Amino acid sequence: MIVLGNKLSGDPYSKQDIELLVNLSSQASISLQNAKLYSQVDDLSYHLQEKVDEQMKELKEAYEELRQLDNAKSEFISMASHQLRTPLTAIKGYVSMVLEGTYGELPRRMHKPLKNVLISNDRLVKIVNDLLNISKIELGKMELEKELTQVEELVKSCYEEMKIAAEKKNLKISLKTSKDFLPKIEVDQLKLRQVISNLIDNAIRYTSQGSVEIEVRKTDSHIHILVKDTGEGLNEKEKKEIFGGFIRGTAGVNFFVEGAGLGLYVAKKFLSLHNGKIWAESEGKGKGSTFYVELPITNS
Ligand SMILES: Nc1ncnc2c1ncn2[C@@H]1O[C@H](COP(=O)(O)OP(=O)(O)OP(=O)(O)O)[C@@H](O)[C@H]1O
Ligand SMILES: [Mg+2]
């Protein structure tokens, strides 16, 4: 409320005075309204901030709970895999000894079934080892044992090892080495060997005829290992998904080849620990695929 007294001069209020006063009072009322609004906004933002803080706290608690559950899952997988490894090693040992005749001569008809037991046992050992590796990586407990390595030599040794499997399937297999001199780089040899062997194994498994070509190349900053086949190939969706773990594409299903869909997932994790990369390219189904491994020459 605004109260007006008489003018000091004693003159009555003129029309102009009144217009001025009306203007003044409407400005004052706007300012008052603004002040009120401002205080409401202030209140609102204070409450909003309180709500956001509260929700952030709840989110953090939920995240922490999930993280603990995730760790418990990885710990469980790790423990279960360790427990499985011992009896699997024992089965392999005993069956091998039976096959070698340690417990007396074995009837010929028993050879094949027992060899099949060994093959299944090896598959189980591979799955258990993959699971152990995954749980270690997820728990942040995977440590690399890096050594200065001539990668080309390592690829060559994997190639020599897997050659027989390709030849058994009547696939042509070749290794093309780099024209340039390859510097040695720091890698965990066992893990890189596992990555390359897995890629060659896939190329052989998912190709029914044609060839598997392995190549080592060098750029200024990276070493590339390529594994190219003329097999089943990959569609766009598979190219992205097959590195996701427990995922098998149509090749896995069509070829009636058993597999857990873990090989590429483990490979991707191993390579990222080396600051490296892995990816796949394919012209499409039935047109073969090329898998690329990229390792930095420095800083690996
Ligand atoms: N060279 C390839 N050609 C076509 N498809 C492939 C090739 N390599 C991988 N794939 C597809 O990617 C999927 C995932 O491969 P990955 O090696 O991770 O698992 P897997 O071979 O199924 O089983 P394992 O865990 O025994 O390796 C395969 O099931 C297959 O469908
Ligand atoms: Mg595989």
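1. How much of the chain over residues 134-161 is helix, how much is strand, and how far apart are the end C-alpha atoms? The stretch is 57% helix and 14% strand, with its end C-alpha atoms 25 Å apart. Helices (H or I, at least four residues) and strands (E, at least two) are DSSP runs, numbered from the N terminus.

2. This is a predicted model, in which local features need pLDDT of at least 70 and side-chain atom pairs count only at pLDDT 80 or more, while totals for chains, interfaces and linings use all residues. Residues are numbered from 1 along each chain as its sequence is written, chains are lettered from A and ligands numbered from 1 in the order in which they are written, and side-chain values use heavy atoms, without hydrogens and water.

3. Thr149 is part of strand E1 (residues 146-149). Thr149 counts as buried because its relative accessibility is 4%; buried means under 20% relative accessible area, exposed over 50%, partly exposed in between (1.4 Å probe, protein chains only).

4. Helix H4 covers residues 189-205. Its buried residues include Leu192, Val195 and Asn202. At the start of H4, a side-chain oxygen of Asp188 comes to within 3.3 Å of the backbone nitrogen of Leu190.

5. H4 gives the largest share of the shell around ligand 1, three residues. An oxygen atom of ligand 1 is 2.6 Å from a side-chain N or O atom of Arg248, and an oxygen atom of ligand 1 is 2.8 Å from a polar backbone atom of Leu264.

How values were computed: The expected span of a helix is 1.5 Å times one less than its number of residues. A polar contact is a pair of N or O atoms within 3.5 Å; within protein, one must be able to donate a hydrogen and the other to accept it, and residues adjacent in sequence count only if both atoms are side-chain atoms.
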